Structure formats: structure tokens, C-alpha cells
Amino acid sequence: MTFRVEGVGKRYGSRTGTHWVLRDVDLEIGDGEIVTLVGPSGCGKSTLLAIVAGLTASDEGRVLRDGSPVTGPGPDRAVVFQSASLLPWRTAEGNVAYGMQLQRRESRQSIRARATAALRLVGLEQYGSYYPGQLSGGMQQRVNLARALAAEPALLLMDEPFGALDALTKERMQQELLRIVEPSGQAVLFITHDISEAVFLGDRVLVMGRSPGSVREVVEVPFARPRALEVQEDGTFQRLRHHIRRVLEDLEEDARGGARYGDHPLSGSTPGSVTR
Ligand code: ADP
């Protein structure tokens, strides 16, 4: 399944008038591809992800799935946010099964089997009967990922999913994600503030700028997947990282030079905070 974003634009109204959060965004995510998205806070990354998810409508352009317009959410796409937001009164398995139960498309047995399989994928098969409060933050985020994987979506939409985890857990989750999507052929659109994470996970890194938000540069990552952590020490990896950082810094310079809408939160992240 191929997802294409064509000329997407999104505007919001405010006291100071209408401003375009996104403009002329084009991107393509093919079968099994991992596309990562970096850019300063407020450049519209989450908005773009929500548009691809079908949760927000665009004001210009369109999103196509194998050539057909996407008009709302669907089982072919699943979203993973930074906060696991699990239901505290449901077990891990109950949380993974919840969405499938709401859809009422399958028998209880089949839902249970899927939930168990998804928990196994994230290494939590022993923890199905645990409640979120009994699990660490990293484990909760695994349950969150299992919840998205259970529906076997063609495209995983991930909005800084590992942003709140400690460094070691984060590295483990990055490797797990690569291990999980490799055989399934699932595609991923992954937002991050962390340039190393973007290069480590991505087949392509899209660098976004703001005012209005759009893709300013596409960086191809030449390493085969799955990748070992050591790839980060490779000279090419370092060069890509530095290059992306430079692009972000240049974009921020430009944005500061000509702030195009007054109510924009410039205080968010600066290019310096984008790197590890
Ligand atoms: P990012 O994910 O890159 O940090 P967002 O997509 O969250 O950026 O937000 C992009 C811009 O759109 C921000 O300036 C934000 O304030 C604005 N924005 C997002 N959602 C709304 C909304 N519902 N109404 C008005 N402005 C919004």
C-alpha cells in the first residue's frame, strides 16, 4: 500500500488572522518504508500526521492511499502518541483488545488471539494480565505499540512515541520497532525531535521548516535494515546527522529573520535542542 500526500495545506484562524500551518506538503510512503520527520516545534508535524491519519481535514491538497483519497480514519492506519494513555482499569491485554472490541468485527476468541500475538511482538506476553499501574513507563509504551500493531495497519503513524522514555529504554524501543516492522512490511511515518533517532530509524528523513510548515529537504539514509546501534558510529551516519542539524539551523535563521505570524510560539524548541 502506498500513501501519498499531495500539496497538502492547513490553516488555522486566530485573533491576528488566518495563518497557514502547513503549505504545499508532498510526500510518499511506500510499502514497508520508514519515513522520519524532523523539524522545530510548531512547524506542523503533528498536524500533518493527523491529516494522514484522517483525524484532521486539510484545507488544500489530498492524501491518497493506493490512488484513492483518504477521507477519515481507517484500519489501514494506526496512531501511536508519546503518552501511552492506557485505560487504567483494563489489563494490558484488555487495552490492546479494546479498539478491536469496539469495532465488533471479530469473535472474542479471535480478538484475544490477536491481542496476545501483539503483546508477544513487543515482548510482553507474560504481562497480559497486568494493569498499567503495575508496568514501567517503557512497558506501558510497549502496550501502546501493541495496541496499534494488533490491528495490523499498513501504516503506523508515530508522534514522538519514545520521547518520554529514558535513553536506554528508548534505544531498545527503536531496535524493537525495526525488528517488528521488518517482517510485517508495515510502513511507518515517525515524528521525532531527535536527529539521531530520525537517521537511525528512517529510510528517508524529511526535514521540515515552518511559517508555513513544509518539507524543505529529503535526506536518503543508505543503511540496510534492521540496523545495529553501532551504525551510529559510522562516518556516513555522523555526516547525515550533521547535515540535518545544519539544515535545521539554517531554516531557523531564516524563520527568525522574517517571523510571518505574530502569535507563533518561537519559544518551543531551538535547533540546538533538536540534537541529542
Ligand atoms: P509540531 O507538531 O511541529 O510541533 P503542530 O502540528 O502541533 O506542530 O502545530 C503547528 C502549528 O499549528 C502551531 O503553531 C500550533 O499552535 C498550531 N495549531 C495546531 N492545532 C491548532 C488548532 N486546533 N487551532 C489553532 N492552531 C493550531
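A residue is called buried here if 20 or more other C-beta atoms lie within 10 Å of its own C-beta atom. The views below come from a predicted model.

**View 1. Helix α4 and its buried residues.**
By that count, the buried residues of α4 are Gln-140, Gln-141, Arg-142, Val-143, Asn-144, Leu-145, Ala-146, Arg-147, Ala-148, Leu-149 and Ala-150. Because 11 of its 14 residues are buried, α4 is largely enclosed by the rest of the structure. The elements that these buried residues pack against are β6, α2 (92-103), α3 (108-121), β7 and α5 (167-184). Helix α4 covers residues 137-150 and lies across β6 and β7 (155-159). Its direction is at about 170° to that of β6. The length of α4 can be checked: at 1.5 Å a residue, its 14 residues should span 20 Å, and its end C-alpha atoms are 20 Å apart, so the two values agree.

**View 2. Glu-152, after the end of α4.**
Helix α4 is followed by Glu-152, which sits in the loop between α4 and β7. Phi of Glu-152 is positive, near 50°, and this residue is not a glycine. Is Glu-152 buried or partly exposed? It has 14 C-beta neighbours inside 10 Å and therefore counts as partly exposed.

**View 3. Helix α2 beside helix α4.**
The axes of α2 and α4 come within 9 Å, with a crossing angle of roughly 30°. At that angle α2 is roughly parallel to α4, because angles under 35 degrees are put in this class. On the α2 side, the contact is made by Ala-92, Asn-95, Val-96, Gly-99 and Met-100. On the α4 side, the residues are Val-143, Ala-146, Arg-147 and Ala-150. The crossing of α2 past α4 is right-handed.

**View 4. Helix α2 beside helix α3.**
The axes of α2 and α3 also come within 9 Å, and they cross at roughly 125°. This makes α2 oblique to α3. Helix α2 passes α3 in a right-handed crossing. From α2, the residues in this contact are Ala-92, Glu-93, Val-96, Ala-97, Met-100 and Gln-101. They meet Ile-111, Arg-112, Arg-114, Ala-115, Thr-116, Ala-118 and Leu-119 of α3. Among the α2 residues, Val-96 is named in the contact with α3 and in the contact with α4.

**View 5. The six-stranded sheet.**
Six strands form an open sheet in the order β6-β7-β8-β3-β9-β10, and their pairing is mixed. Strands β6 (77-80) and β10 (214-220) stand at the edges; each has a single partner strand, so one side of each is left without a neighbour in the sheet. From one strand to the next, the twist averages 20°. Strands of a sheet pair through backbone hydrogen bonds, in either the parallel or the antiparallel sense.

Which strand pairs with β9 in the parallel sense? Strand β3 (residues 34-38) does so, and it is joined to β9 (residues 204-209) over four bridges. Leu-37 has Leu-206 of β9 as its bridge partner. The pairing of β9 with β10 is antiparallel and runs over six bridges. Here Leu-206 has Val-218 of β10 as its bridge partner.

**View 6. The hairpin of β9 and β10.**
Four residues lie between the two strands of this hairpin, and Ser-211 takes a positive phi near 60°. The peptide bond from Ser-211 to Pro-212 is cis, with omega near -5°. Pro-212 is in the loop between β9 and β10.

The peptide bond from Arg-225 to Pro-226 is cis, and its omega is near -5°. Pro-226 belongs to the loop between β10 and α7 (235-257).

**View 7. Asp-24 in strand β2.**
Asp-24 is placed in strand β2 (residues 17-29). Its phi is positive, about 55°, although Asp-24 is not a glycine. Within 10 Å of Asp-24 there are 15 other C-beta atoms, so this residue is partly exposed.

Definitions and conventions:
Residues numbered from 1 in each chain as written. Predicted model: local features only at pLDDT ≥ 70, side-chain atom pairs only at ≥ 80, totals over all residues. Pairing = 2+ DSSP bridges. Axes fitted to C-alpha atoms, helices over the stretch in contact; angles between N-to-C directions. Contact = placed C-beta atoms within 7 Å. Expected span 1.5 Å × (residues − 1). Buried ≥ 20, exposed ≤ 12 C-beta atoms within 10 Å, placed from the backbone. Parallel < 35°, antiparallel > 145°, perpendicular 65-115°, else oblique. Left-handed = near helix turned anticlockwise from the far one by under 90°.
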